[in-house]
Amino acid sequence: MTRLDSAIRRLQAQRACLDYACRLIADRPGPVIELGLGNGRTYDHLRARLPGRDIYAFDRQIAAHPDCIPDEAHMFLGDFTTTLPEAARSLGPTAVLAHCDVGSGDADANAALADMLSRLLPGLLGPGAVMICDQDIRISGATDMSLPDGVSPGRYFLRTAPH
Ligand SMILES: C[S@@+](CC[C@H](N)C(=O)[O-])C[C@H]1O[C@@H](n2cnc3c(N)ncnc32)[C@H](O)[C@@H]1O
């Protein structure tokens, strides 16, 4: 598989997981959290699939396409170590969907990030919240879910938070 093939598969898997998760939570109230705004691609996809839903984005910087920048009230700007506790204080454990797209090409940094998020994310997750993650973020009591058709295990992680 070429690097181009791999990049295409990763994006297809990401879109399949996002679409699946949006269908799962369609009738459930609660905000969505998007960790890793990046250039705003997945934020844009989520807001198109979930019109009217509060979507809170997190990143240490704004580097998104100008059309894909949340308003100030829906943007937590800074390192996750600061913004996740801040968001947990203001939103509480209410999120119905968390999408974590936080990885880089550095495997050690990804592992450290996953470890940090496994401790900080629960403060924001509502009961049974759906988590879709590009990293293996292990939340105590969370249950693995089957991935949508065509998504290879390990490419994306789909779990539900404890009830
Ligand atoms: C893969 S990119 C996100 C891509 C984005 N979802 C998209 O579709 O355009 C990962 C993002 O996570 C952010 N990030 C990684 N670690 C972070 C941290 N500790 N605190 C805040 N943001 C972080 C990076 O700044 C980067 O923008």
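**Sheet, cores and cysteines**

Mentor: Start with β1 and β4, which pair in the parallel sense over 4 bridges. Keep in mind that this is a predicted model.

Trainee: OK, which residue stands opposite Glu34 in β4?

Mentor: His99. On the other flank, β1 runs parallel to β2, joined by 4 bridges. There Val32 has Ile55 as its bridge partner.

Trainee: And how does the chain get from β1 to β2?

Mentor: Through helix α2, residues 41–49. That β-α-β crossover is right-handed.

Trainee: Which β1 residues are buried on each face?

Mentor: Val32 and Glu34 are buried on one side, Ile33 and Leu35 on the other. Both faces of β1 are covered. In a regular strand the side chains alternate between the two faces of the sheet.

Trainee: What about β5: how many of its residues are buried?

Mentor: 8 of the 9, so β5 is largely enclosed by the rest of the structure. Look at its two pairings. With β4 it pairs in the parallel sense over 5 bridges, and His99 is partnered by Ile132. With β7 it runs antiparallel, over 4 bridges, and Met131 is partnered by Arg159.

Trainee: Which helix goes with β4 and β5 in a β-α-β unit?

Mentor: α4. That unit is right-handed.

Trainee: Switching to packing. In the largest nonpolar core, which residues touch the most other members?

Mentor: Leu35, Phe58, Phe80 and Leu117, out of 27 residues. β1 (32–35), β2 (55–59), α3 (80–91), β4 (95–100), α4 (107–120) and β5 (125–133) each supply at least two residues of this core. A second, separate core has 23 residues, including Leu18, Val32, Leu37 and Ile55.

Trainee: What is Phe58 in contact with, beyond its sequence neighbours?

Mentor: Leaving out those within four places in sequence, its contacts include Ile33, Leu35, Met75, Phe80, Leu84 and Leu124. Glu34 is also one of them.

Trainee: Which residues of α3 are buried?

Mentor: Phe80, Thr83, Leu84, Ala87 and Leu91. They cover an arc of only 100° around the axis, which puts them on the same side of α3. An α-helix has 3.6 residues a turn, so residues three or four places apart point the same way.

Trainee: What do they pack against?

Mentor: β1, β2, β3 and α4. After α3 comes Gly92, with a positive phi, near 70°.

Trainee: Last topic. How many disulfides does a search of the whole structure find?

Mentor: 0. Cys17 is in no disulfide, and its nearest cysteine sulfur, that of Cys133, is 10.0 Å away. Cys17 is buried, at 0% relative accessible area.

Trainee: And how far is Cys100 from the nearest cysteine sulfur?

Mentor: 3.7 Å, again to Cys133. The cut-off for a disulfide is sulfur atoms within 2.5 Å, and Cys100 is in no disulfide. Cys100 also counts as buried, at 0% relative accessibility.

Note on methods: Residues numbered from 1 in each chain as written. Predicted model: local features only at pLDDT ≥ 70, side-chain atom pairs only at ≥ 80, totals over all residues. Heavy atoms only, no water. Core = buried A, V, L, I, M, F, W, Y, C linked by side-chain atoms within 4.5 Å. Buried < 20%, exposed > 50% of the residue type's maximum accessible area, 1.4 Å probe, protein only. Contact = heavy atoms within 4.5 Å. Pairing = 2+ DSSP bridges. Right-handed = clockwise from strand over helix to strand, strands pointing away. Arc of directions from axis to C-beta.
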